[in-house]
Amino acid sequence: MVKEWTNDGMDLNMGCGAGTPLSFLCHALLLFQLFSSSCRGHQFQEPAPPASFKFTYSLYNATIYENSAARTYANSKVKMGISLTDPLWDIKYRIISGDEDGFFKAEEVLLGDFCFLRIRTKGGNSAILNREVQKHYLLIVKAAIRGEALEAWTKVNIQVLDMNDLRPLFSPTTYSVTIPENTPLRTSIAQVTATDADIGSNGEFYYYFKDRVDIFAVHPTSGIVSLSAKLNYDERNQYDLEVLAVDRGMKLYGNNGVSSTAKLVIHIDRINQHAPTLSMVTHIPSLMDSDPIYAIVTVDDLDDGINGEIESISVVAGDPLGQFHLVRTGLGGREHRIKLAKTVNWEDFPYGYNLTLQAKDKGTPQKFSAAKIVHIENPEENESQATFEEDIYEVGLNEFAPPGVVVVAVKLKPEPQNVEYKLSATEDAHYFYINPQTGLITTSQHIHILEREHFALEVINNVNDMKVRVVIKVEDANDHTPLFHQLSYEAFINESMPLGSSVLIVSATDNDQGENGYITYSIDKLNPLPFVINQFTGVISTSAQLDFESSAQSYRFFVRASDWGSPYRRESEVNVTVHVENVNDNKPLFEKVDCQGVISRGFPVGEQITTVSAIDVDELELVKYRIVAGNELEFFDLNSDSGVLFLTKALDSANPKDGLFSLQITATDGENIADPMFLNISLGHGKPTTKDYACRETGVAKKLTEKLLKRVKVNKSKTEDLFLDLYSINRQPPQFDKSFPSQVAIKEDLPVGSTIVKIPASDADSSFNGKVVYTISDGNADSCFIIEMETGWLTVLMPMDRELTDKYILNITIYDLGYPPKCAWRLMTIHIQDANDNKPRFLLASYSVSIPEDTMIGTDVVQIEAMDEDLGRNGEIIYTLLTNTHQFAINATTGIVYVTGLLDRELSTNCTLKIEACDQADNGHQQCSVVALEIIFVDVNDNAPHFIPSSYFVKVLEDMPVSAVVTWLEAHDPDLGLGGQVRYSLGNDYNGKFEIDRTSGAVRLSKELDFEKQQFYNLTIRVKDKGRPISLSSASFIEIEVVDVNENLYAPQFSEFAKMATVKENAPIGTSVLQVTAKDGDGGRDGQIQYSIRDGSGLGRFTVNENTGRAVVKV
């Protein structure tokens, strides 16, 4: 094949030396021209007129190969020289400058009317051109005409072309690398480097290994060495390789000599690439935990095989006494738990421990994790963080509170598990009881009998040293009766005391406070009394005029002291006796007044005439009578004691005025003088008169009798000494009504504070004796209930949980507030009915299951189970699959998850399902829980490996060295394990021209290529996995195009520089003119020559046979 040099298609080679290339253009210019040894015109032609003398260009470019032999001509793309305008010119060329080393010589060649300038190497010079020393020469050439003064100058730029005279050299010549045995295939592990000072294709070379090496591959042009098979340290731990650099030009010229050799030593390291890594989660256990866990430690190692296995985790510091150890748990043993190896006295380690942990693997060499510190907190310190909800509990307590009344509930917050509360042994502690589980404090005695205003308790717990004070202020109740300062009161007063006079003062006190201790007084009387009492001061005073003679001589009555308390007043009474003393405050009163009678003159002297009578109601002294007027003549005498009137003198001589004695008689008790009465005695004649006198009755006697009878009646009336206070006696005990509910059912979710039932009870007594208070004296173990002391309402105190306790038997005790108090009790059974207060609880926090990816539709995968502690419908569970998937479903009743669609691990390695378990509560809100189910698809060999890409097309230079990698095959098999491991093979290797590495997929050239023999190869390739029991495979192809390498090393060479011929002017078309002959040193098609006319004055007039070189007339 003839192929022109790309950079000299228009070059002219004017050289005449043997073996020097000569272009077709040169011959076209020389044909039919006259040849001359110098540029001198022909003598027979007419002289031409003078013309300009100059080169065709001021600068010419020419090329010549380095190492050219003597008399080798430089080539130029254009004609160098001067056109002859005068045929007589004899032109000579000479190099003026630019050739300091004397490499070149200028020659002239005359062809027709043009004198060519030719530059050639000198002969006999030992020095040769060397492009690597100098690649450009700028020559200044002078042209002169012999015998004339005309001169011309031009520049010729000579470019020295490269010849493949140098070989590639390695630098450095020795390479050493170390790679781990787990280095992935196709990894670049080293690069060898060689250089060639030649340029272009002359500087190109190939790398390859001296000896066949299958485990490594070297890129022929880059020198990058890559891994093409798996390493095994145990089989071989070092490779000593020799890498050759082959000059491509030498190979083309048939010389396979090696320019340079480099040694490559590859060391294989047994690799334990990753050190273990520790991660941990600390945990603060409760002091109640029987086997506490202080931290959970997870260790990971990213290495494969034994290098990734963990030998141990150790406490390397921080535990000098060996009180902790690690317990391996979990799948694969990668999880460890820090637990106690010995009992720890945490008081000696108040701030806990700082344990330093380190893990080591089983690899070679063994690797240790970075030391990691885990802080083990003091659980007692942690528990001490629990504090009581209040810094101090201050509560009030009704003074009427009987035993069993709720005082307050104390709580730790947050409340540790298994905490127990206890009252410190203080002087007040035995008056109260605390529920150790709930912290509820209740009374254990009647409070009012303790006569205390407050109590101070101290509550401790078994978890930490926290204490809390409970101050109980006793709220005053009306539990005290007013007490008089004296057991009885007595006073003496006289009947003449003025109205409103103070008789005496009674006084009482009440130990209660406020209105409960505020006292008012009153007189308890069944009959009217002449006394009143000031209700605030207790002063008793007269309210009526006293009269000893007509009233009682003494008064006995009760004064009542009442407080203002609630709900009832308390009262007490005291006996008061008031004695009335008689005083002489009445004058005598005559029974009869204005008496008239007759006495005869002969009435015997000394005879009783009549008797006057006066009554003194005071009865203190005898009444004395006397005549105060009308007895001046002393005819009469009145006995002062008896009131008998006697005649003391005969009346014979009497001569009263108007015959009438008018006596004025009075009576006296010694102090008071009665109003005088008049006794008119008429003096008559005749016989002695009767003693009867006519008088006006005053009624004094009757009045006195009535008064006396009245006083007797008052004195005989029953005094109230034997008065019994029926209201102060506690006769009846309290009683439960017949409607008392002995069985009560309530829902467990009844809110705190909700009322349950009102306890029906009563007491037939009145006042405080009939006041009923309520309490729970037993059975309230969980402190869930409280009864309102005064109303009897049973309410919820703390949340209930049927799942812990489904029944309570409460002892309901009632008391009255009498002295002493009476009580009664009944048992009440509280049945706790189920409420939907529990969510379904899955047996596991999460589920994980592995199934083959080819599991058949309908196959059961796993049963998810949840428990609900509620009863009935509240505890019935329905399972629902929340995740939207067509691959799985769940049986709503049994919780069995089963397959409903085709599985494919290669599309998804696992599937996480959200499963909801809901109870079937009829009323109220359903309770639901959700759990995650991870279904891991276990790989089966269900995928054939496939090539990436699906087919290959590569171009390979025909001079590619044997064992060079043509291409790398890559196949992907999404299966795991053996099912995902692939092996490559060739379906046809073209008689061993190609081979493939079964593991890496490297396709190598095993024999040399020849473009001229075969330009394309189509290799069938197969990939097969190692699945068991059936392996799967697929096929593809590699289309390899052989790229031609330019082997056209030599240009055609004419046997003559110029050839001359003649032809008649009337020669017919097709007349043979001359024969040119050229030779080509290449073989084959590169050595086949074609002829053509490119330029010259005969262009278009002649033609040349492209195969024979015979020139003929064209027109």
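Trainee: How many aromatic pairs does the structure hold?
Mentor: The structure holds 35 aromatic pairs. A pair requires rings of Phe, Tyr or Trp (its six-membered ring) with centres within 6.5 Å; planes under 30 degrees apart count as stacked, over 60 as edge-to-face and the rest as tilted.

Trainee: What makes Phe590 and Tyr625 a tilted aromatic pair?
Mentor: Their centres lie 6.3 Å apart and their planes make an angle of 40°. The distance is within the limit and the angle falls between the two cut-offs, so the pair is called tilted. Phe590 belongs to strand E46 (residues 589-590) and Tyr625 to strand E50 (residues 624-629), so the pair ties together parts that are 35 residues apart in sequence. Strands here are DSSP runs of at least two residues, numbered from the N terminus, as are helices, which need at least four.

Trainee: What kind of model and numbering do these values rest on?
Mentor: This is a predicted model, in which local features need pLDDT of at least 70 and side-chain atom pairs count only at pLDDT 80 or more, while totals for chains, interfaces and linings use all residues. Residues are numbered from 1 along each chain as its sequence is written, and side-chain values use heavy atoms, with hydrogens and water left out.

Trainee: Are Phe590 and Tyr625 buried or exposed?
Mentor: The relative accessible area is 3% for Phe590 and 6% for Tyr625. Buried means under 20% relative accessible area, exposed over 50%, and partly exposed in between, with a 1.4 Å probe and protein chains only. Phe590 is therefore buried, and Tyr625 is buried too.

Trainee: Why is the pair of Phe947 and Tyr984 called tilted?
Mentor: Its rings are 6.3 Å apart centre to centre, with 40° between the planes. Phe947 lies in strand E74 (residues 946-947) and Tyr984 in strand E78 (residues 982-986), so parts that are 37 residues apart in sequence are tied together. Phe947 has a relative accessible area of 7%, so this residue is buried. Tyr984, at 4%, is buried as well.

Trainee: What makes Arg570 count as a charge over the ring of Phe768?
Mentor: Arg570 lies over the face of Phe768, at 3.8 Å from the ring centre. The rule asks for NZ of Lys or CZ of Arg within 6 Å of the ring centre and within 35 degrees of the ring normal. Lys79 also lies over a ring face, that of Phe114, at 4.8 Å from the ring centre.

Trainee: How do you know that Cys595 and Cys695 form a disulfide?
Mentor: Their sulfur atoms are 1.8 Å apart, and a disulfide is a pair of cysteine sulfur atoms within 2.5 Å, so the pair qualifies. The link of Cys595 and Cys695 is right-handed, with 120° about the S-S bond. Cys595 lies in strand E47 (residues 592-600) and Cys695 in strand E55 (residues 694-697), so the link ties together parts that are 100 residues apart in sequence.

Trainee: How accessible are Cys595 and Cys695?
Mentor: Cys595 is buried, at 4%, whereas Cys695 is partly exposed, at 27%.

Trainee: How many disulfides does the rule give?
Mentor: The count comes to two disulfides. One of them joins Cys918 to Cys928, with 2.0 Å from S to S. The torsion about the S-S bond of Cys918 and Cys928 is about 115°, so this disulfide is right-handed. Cys918 is in strand E72 (residues 910-919) and Cys928 in strand E73 (residues 928-938), so the parts tied together are 10 residues apart in sequence. Cys918 counts as buried at 8% relative accessibility, and Cys928 as partly exposed at 23%.

Trainee: In which order do the four strands of the open sheet lie?
Mentor: The order is E29-E36-E35-E32, and the pairing is mixed. Strands E29 (392-398) and E32 (421-423) are the edge strands, since each pairs on one side only.

Trainee: How do you know that E29 and E36 pair?
Mentor: Two strands pair if DSSP finds at least two bridges between them. E29 and strand E36 (residues 467-475) share seven bridges, in the parallel sense.

Trainee: Which residues have the most contacts inside the largest nonpolar core?
Mentor: They are Val410, Phe432, Ile441, Val459, Val470 and Ile472, in a core of 36 residues. E36 gives the largest share of this core, four residues. Such a core is a set of buried Ala, Val, Leu, Ile, Met, Phe, Trp, Tyr and Cys residues joined through side-chain atoms within 4.5 Å.
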